[in-house]
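Biologist: Please take me through the structure shown below, beginning with the sheet and ending with the charged pairs.

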Amino acid sequence: MQHQQAEPAAQQQRSSSSRQQQQQQLSTQLIRQHTGEFDTSTASRLVLRHAGVARLDGAVMAECAALTWLDLSGNRLDSVCLDALEPLLQLRHLSLASNRLSQLASLGRVSTTLEHLSLEDNLISEVSELMHVHQLVSLRRLALQTADGSLSNRVCQQPGYRQALLRHAPRCLLQLDGVYLGPPHLHLAQAHGQLVAQHSSLASLARASTHDGGAWSDELMTRGKPLPARDLAGPHSAELTAALAAAGSDLLPGAGGQQPPQQQHAPDPAHPGPPL
């Protein structure tokens with residue numbers, strides 16, 4: 001009698017273990033269940049929150065390569081899961097909030113089409129991990145904590161967290177941790193430092209805008225040195241001046257105490273000036 005009771009108990013334990021194992025890895029069956037699509041290759045949106053998923057299979061993800069929206073928040077995924085996202089070449093929204101990610105080195109595997117990334121409430125603790133964000137060249141919204149500072153990763157408490165992240169963020173980033181940063185051309189992370197670092201493109205613009213064949217480009221080589229005031233007459237002069245002004249650059253003519261030259265006009269014979 002005891003043997004008969006023990007056997008069903010063992011079967012239940014094996015069944016429970018089997019269900020748990022199936023639940024730990026994202027399967028095609030689970031994707032079909034939550035997308036309502038039998039043909040997973042046509043699914044564009046998958047929301048699978050708090051499902052106990054601990055592993056992603058790249059082959060399974062390849063079966064739903066049309067996904068543009070993927071929400072796997074509240075699961076048990078670690079940093080390895082990023083590798084499995086490589087087949088999702090159309091992905092634009094990705095939420096991995098409330099998982100177990102601690103490293104971001106594999107962000108390069110995620111599609112460059114990604115515009116929204118939620119990483120709140122993970123295990124990211126090192127500022128050095130933030131440098132990998134630059135690989136997401138289309139990223140517009142990024143969150144490692146909420147706007148009020150809750151659900152934060154440990155790295156969010158590190159000194160200089162925000163500055164370090166913005167230093168590596170793509171120029172198109174509009175929102176960080178729920179806070180709007182402004183349009184790309186006013187992006188604070190792209191102010192004077194990165195503008196000068198990218199002096200090559202500005203130098204080309206300067207050559208097209210000055211009379212003296214690129215003297216501005218020589219000045220751009222010197223970080224933080226104000227440009228001499230010059231009379232710009234080229235077709236791109238306004239664009240160059242606006243770019244420097246938008247960045248708050250001290251390379252702008254007139255910075256550092258230098259004043260731009262006053263435009264001189266030839267005397268008008270009809271209205272002669274006062275006698276000397």
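**Sheet, core and salt bridges**

Modeller: Seven strands form an open sheet with mixed pairing, in the order β1-β2-β3-β4-β5-β6-β7; strands pair if DSSP finds at least two bridges between them. This is a predicted model, in which local features need pLDDT of at least 70 and side-chain atom pairs count only at pLDDT 80 or more, while totals for chains, interfaces and linings use all residues. Residues are numbered from 1 along each chain as its sequence is written, and side-chain values use heavy atoms, with hydrogens and water left out. Strands (E, at least two residues) and helices (H or I, at least four) are DSSP runs numbered from the N terminus.

Biologist: Which residue is the bridge partner of V47 in β2?

Modeller: Strands of a sheet pair through backbone hydrogen bonds, either parallel or antiparallel. Here β1 and β2 run parallel and are joined by three bridges. Within β2, V47 has as its bridge partner D71.

Biologist: To which residue does D71 form a salt bridge?

Modeller: A salt bridge is a side-chain nitrogen of Lys or Arg within 4 Å of a carboxyl oxygen of Asp or Glu, and the structure holds four of them. D71 is buried, at a relative accessible area of 5%, where buried means under 20%, exposed over 50% and partly exposed in between (1.4 Å probe, protein chains only). For the D71 pair, the closest N and O atoms are 2.6 Å apart, and the partner is R49.

Biologist: Which residues are linked with D83 in a network of salt bridges?

Modeller: The side chains of D83 and R109 meet at 3.8 Å, N to O. This pair links distant parts of the chain, D83 being in helix α4 (residues 81-84) and R109 in the loop between β3 (93-95) and β4 (116-118), 26 residues apart. D83 is partly exposed at 29%, and R109 is partly exposed at 39%. The residues linked with D83 in the network are E86 and R109.

Biologist: How far apart are the closest N and O atoms of E115 and R92?

Modeller: E115 is partly exposed, with a relative accessible area of 25%, and R92 also counts as partly exposed, at 45%. The closest N and O atoms of their salt bridge are separated by 3.2 Å.

Biologist: Which residues touch the most other members of the largest nonpolar core?

Modeller: A nonpolar core is a set of buried Ala, Val, Leu, Ile, Met, Phe, Trp, Tyr and Cys residues joined through side-chain atoms within 4.5 Å. The largest such core has 48 residues, and those touching the most other members are L70, L142 and L144.

Biologist: Against which elements do the buried residues of α2 pack?

Modeller: In α2, the residues T28, L30, I31 and T35 are buried. They cover an arc of only 160° around the axis, which puts them on the same side of α2; the arc is that of the directions from the helix axis to the C-beta atoms. On the other side, Q29 and Q33 are exposed. The buried residues of α2 pack, by contact (heavy atoms within 4.5 Å), against β1 and α3.
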